[in-house]
Amino acid sequence: MTDREVRHAELAEQYLPAEVLERFRERAGDYDRENRFFDEDLEDLKDLRYLTLFVPASHGGPGLSLHEVSRLQQRLASAAPATALAINMHLMCTGVVKAMNDRGDDSLNWVFDEVMAGEIFAFGISEPSNDWVLQGSTTTAEPMDGGGYLLSGVKIFTSLSPVWTRLIVHGLVSGGDGSDSGGLAGADDGNTAADELVYGFIERSAEGITISDQWDVLGMRASQSRATILDKVKMRPEHVSRRIPTGKHPDLLTFAITSNFQLLIASVYAGVARRALELGAAGLHKRKSAKSGTTFAEVPEARTRLADAHLDYLSVPAMLDAYTRDFDELVDHGAGWPLRLVGARIKASGAARRAAETALMCTGGSGFDNSHELSRLYRDATASLFHPPSADAARPMYAAMLLDD
Ligand SMILES: Cc1cc2nc3c(=O)[nH]c(=O)nc-3n(C[C@H](O)[C@H](O)[C@H](O)COP(=O)(O)OP(=O)(O)OC[C@H]3O[C@@H](n4cnc5c(N)ncnc54)[C@H](O)[C@@H]3O)c2cc1C
């Protein structure tokens with residue numbers, strides 16, 4: 001084993017010991033069936049100091065790299081995908097602050113102190129019909145006298161909704177004549193070139209926050225990613241991070257968000273894919289073929305199907321290792337970064353869905369039973385269809401890079 005792999009093994013044992021992971025796996029089925037939040041997993045993760053992974057030593061944390069956290073998240077997702085996906089949002093927020101700090105911007109380092117004090121961060125960016133995602137917002141941000149903003153709008157799929165205490169959000173500050181179009185960046189809705197987005201954090205204790213009571217979804221149910229409705233919610237001046245123009249505009253904060261979001265989401269689905277392949281292999285060993293007089297593990301067609309899914313998966317950890325290490329080492333891929341980041345997440349998502357389907361074919365009908373881990377894994381993997389940008393939204397970027405337009 002290389003020194004690096006030894007270190008990964010030590011971190012896995014320290015932050016996600018095998019017996020804890022097994023408990024997570026057992027509970028995942030209960031959370032899913034009962035459609036409830038992963039309270040007990042969260043307590044275990046807190047005890048293990050998992051929520052402080054990105055906090056640097058200067059602020060009292062272990063200061064893990066994105067590469068190391070990606071490996072841990074793959075491990076966690078192989079046991080409890082919804083727990084991993086939701087806790088990803090907290091890790092992502094802290095990873096963003098670390099990435100900015102590593103690049104010379106310490107303006108958000110207060111987040112580290114709050115994490116050490118037990119605050120839980122979440123990611124309130126997705127909005128209904130906002131396919132501009134980070135480049136636009138349907139949430140309005142009304143400037144307050146003396147600084148700060150009042151935010152009104154709907155944030156959908158806010159993972160960790162029962163427990164978050166700090167939420168990173170963005171909203172549209174209308175420019176031009178000062179009128180509030182309340183629309184999307186770039187949309188033909190009266191936004192002016194002077195429109196700007198404000199990014200910052202709101203506190204759970206602020207007035208005007210309602211959490212939707214609707215949450216009955218196909219997969220990743222324990223993430224409890226309920227909608228968050230904001231009605232003139234105060235973003236305090238000291239929690240305003242950035243004002244940046246709408247549309248495409250290079251900025252360290254949005255680069256850090258995109259990098260951490262894409263690579264950590266990819267890590268979750270990489271973990272789902274790996275577990276599905278393990279269950280597929282176990283299924284082939286268990287199932288007997290009367291025709292061949294052996295288990296299906298010796299039937300060539302079945303082996304080929306599993307081998308193809310394995311091949312499909314192997315590119316994903318390779319991409320993750322390479323890109324997370326480059327990110328940690330501040331490699332400047334310039335315009336090549338979005339291609340890598342989004343590519344890793346799209347590949348991981350597809351590999352997870354295909355591995356889950358292949359594994360179901362390996363187990364046969366028993367995997368279709370709701371009590372089987374694979375049946376949940378298959379549903380959890382489908383959530384990967386919805387993380388932005390979709391393949392449809394991303395393809396123009398890949399084409400344009402080659403076609404030079
Ligand atoms: C399991 C999971 C976890 C996610 N976690 C996060 C996260 O933590 N943070 C984040 O920013 N994004 C998160 N996302 C969002 C995701 O990345 C996409 O942005 C989102 O799925 C895209 O949705 P859409 O445009 O297809 O939604 P739409 O089809 O427009 O809406 C999806 C759902 O949002 C709710 N909704 C829509 N409009 C309203 C409204 N006006 N009022 C109340 N509820 C409404 C409804 O439940 C609706 O079914 C998560 C997605 C999934 C699947």
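Predicted model: local features only at pLDDT ≥ 70, side-chain atom pairs only at ≥ 80, totals over all residues.
Gly364 comes directly after helix α9, and its phi is positive, near 75 degrees.

Asn35 is not a glycine, yet its phi is positive, at about 50 degrees. Asn35 sits in the loop between α2 (18–34) and α3 (39–47). Is Asn35 buried or exposed? Asn35 counts as exposed, because it has 12 C-beta neighbours inside 10 Å, and 12 or fewer is the cut-off for that class.

Arg49 is another non-glycine residue with a positive phi, in this case near 65 degrees. Its place is the loop between α3 and α4 (66–79). Arg49 has 14 other C-beta atoms within 10 Å and is therefore classed as partly exposed.

The peptide bond between Pro388 and Pro389 is cis, with omega at about -10 degrees. Pro389 belongs to the loop between α10 (373–382) and α11 (391–403).

I now move to the chain as a whole. The chain contains 11 helices and 10 strands. Its radius of gyration is 22 Å, close to the 22 Å that the globule rule gives for 405 residues, so the chain is as compact as a globular protein of that length. Along the principal axes, the C-alpha trace spans about 80 × 50 × 45 Å. Of the 405 residues, 45% count as buried. If we take contacts between residues at least 6 apart in sequence, 76% of them join residues at least 24 apart.

The next topic is the domains. The domain assignment divides the chain into domain 1 (3–116), domain 2 (121–245) and domain 3 (252–403). The centres of domain 2 and domain 3, taken over C-alpha atoms, are separated by 31 Å. Their contact takes 9 residues from domain 2 and 11 residues from domain 3. On the side of domain 2 that touches domain 3, there are 5 nonpolar, 2 polar and 2 charged residues.

Which residues come nearest to the ligand? Of the 24 residues around it, they are Ser126, Pro128, Phe157, Ser159 and Phe386. The elements that contribute two or more residues to this shell are α5 (81–102), β1 (121–124) and β3 (149–158). Strand β3 gives the most, with 4 residues.

How do the residues of the shell divide into nonpolar, polar and charged? There are 14 nonpolar residues, 10 polar residues and no charged residues.

To close, I return to two points for discussion.

Technical notes
Residues numbered from 1 in each chain as written. Near = placed C-beta within 6 Å. Nonpolar A, V, L, I, M, F, W, Y, C, P; charged D, E, K, R; others polar. Rg over C-alpha atoms; globule rule 2.2 N^0.38 Å. Buried ≥ 20, exposed ≤ 12 C-beta atoms within 10 Å, placed from the backbone. Contact = placed C-beta atoms within 7 Å. Domains from an automatic or database assignment.
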